[in-house]
Structures are given as C-alpha cells and as structure tokens.
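I am opening a new notebook page for this structure. I will go through it piece by piece and write down what I look up.

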Amino acid sequence: QDMLFVWRMMQAMQLNVKLPMILQCDNKGTIDLSKNWSTGGRTRHVDVRMYMLRDLNEQKLIQMEWVDGNKNSADLGTKNLDATSHRKHTTTLCGNDDDIQPISK
C-alpha cells in the first residue's frame, strides 16, 4: 500500500516510475502465494492483502523478489536484531558517520 501511495504521488507530480516496481521480501511463501491463484485447505485463511498483491502482480505494477533475510534492511524496523545486524542495517539505511566530513573554516 505504501508503494502504491508513493507511485500515485509521483504520478500526480508528473514524474515517471519504471514499472514493475520491485518489492523485496524474505518470505518465499508470500512470494509464491502472490503468483498463484489456487488456494488449498491451508491457504484459505490468507488475508485480503494477499489478493491485492496478486492483482498488482497481474497488472504488472509490482514484481516480488526474494531477498536473503540477512540482507533485508527492513528487518531493522520489524525484528529484534543482534548488535552486529543492527549496526549493519542502520549503516545501510542511514549511512556511515565516517562519510560525513567536518566543515573546514
């Protein structure tokens, strides 16, 4: 939903967005369900959001790609991480303080 919001905002500003937008996910089950319309007994509980992902995938607005969980920086906001992983993902998302140069007078 956030991706669609940003896409619509960019369209309103008359900016072009290359489609399909890439949605990275570290859950292979979610990716498989987004590409497959058949449901079995164990997938009937799937929320309406999964149907939305399927529709967006069919419309070629999004493309879901698997990313290794260790490389998924979104985990910083969704999971309890050990110090090493936390530092790594913080640097990925926020940058490294060593890159900031003091202003010379």
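I started with Met 13, and I found it in the loop that runs between helix H1 (2-12) and strand E1 (21-25). I noted that the model is a predicted one. Is Met 13 buried or exposed? I read a relative accessible area of 52% for Met 13, and exposed means over 50%, so Met 13 counts as exposed. I then looked for a surface patch that includes Met 13, and I found a nonpolar one of about 490 Å². I listed Phe 5, Val 6, Met 9 and Leu 15 as the residues that make this patch together with Met 13.

**The chain as a whole**

I stepped back to the whole protein chain and counted 5 helices and 2 strands. I wrote down their order from the N terminus as α-β-α-α-β-α-α. I also checked burial, and 21% of the 105 residues count as buried.

**Helix H2**

I turned to helix H2, residues 28-35, and asked which of its residues are buried. I found Ile 31, Leu 33 and Ser 34. I looked down the axis of H2 and saw these buried residues fall within an arc of 165 degrees, so they line one face of the helix. I then checked the face of H2 turned away from the buried side, and it carries the exposed residues Lys 28, Asp 32 and Lys 35.

I looked up the second largest pocket and noted a volume of about 180 Å³. Which elements give two or more residues to its lining? I found E1 and helix H4 (75-78). I recorded that E1 gives the largest share of this lining, with 4 residues.

**His 86**

My last stop was His 86, which I found in helix H5, residues 83-94.

Methods: Residues are numbered from 1 along each chain as its sequence is written. This is a predicted model: local features need pLDDT of at least 70, side-chain atom pairs count only at pLDDT 80 or more; totals for chains, interfaces and linings use all residues. Side-chain values use heavy atoms; hydrogens and water are left out. Patches are made of residues with over 30% relative accessible area and no salt bridge: like charges are joined within 9 Å, nonpolar side chains (Val, Leu, Ile, Met, Phe, Trp, Tyr) within 5 Å. Accessible areas come from the Shrake-Rupley method with a 1.4 Å probe; for residues, only the protein chains shown count as cover. A salt bridge is a side-chain nitrogen of Lys or Arg within 4 Å of a carboxyl oxygen of Asp or Glu. Buried means under 20% relative accessible area, exposed over 50%, partly exposed in between (1.4 Å probe, protein chains only). The arc is that of the directions from the helix axis to the C-beta atoms. On a 1 Å grid over the protein atoms alone, a cavity is a set of points where a 1.4 Å probe fits but cannot get out, and a pocket is an open set with protein on both sides within 12 Å along at least five of seven lines; lining residues have an atom within 4 Å of a point. Grid points are joined across faces, edges and corners, and a volume is the space filled by probe spheres set on the points.
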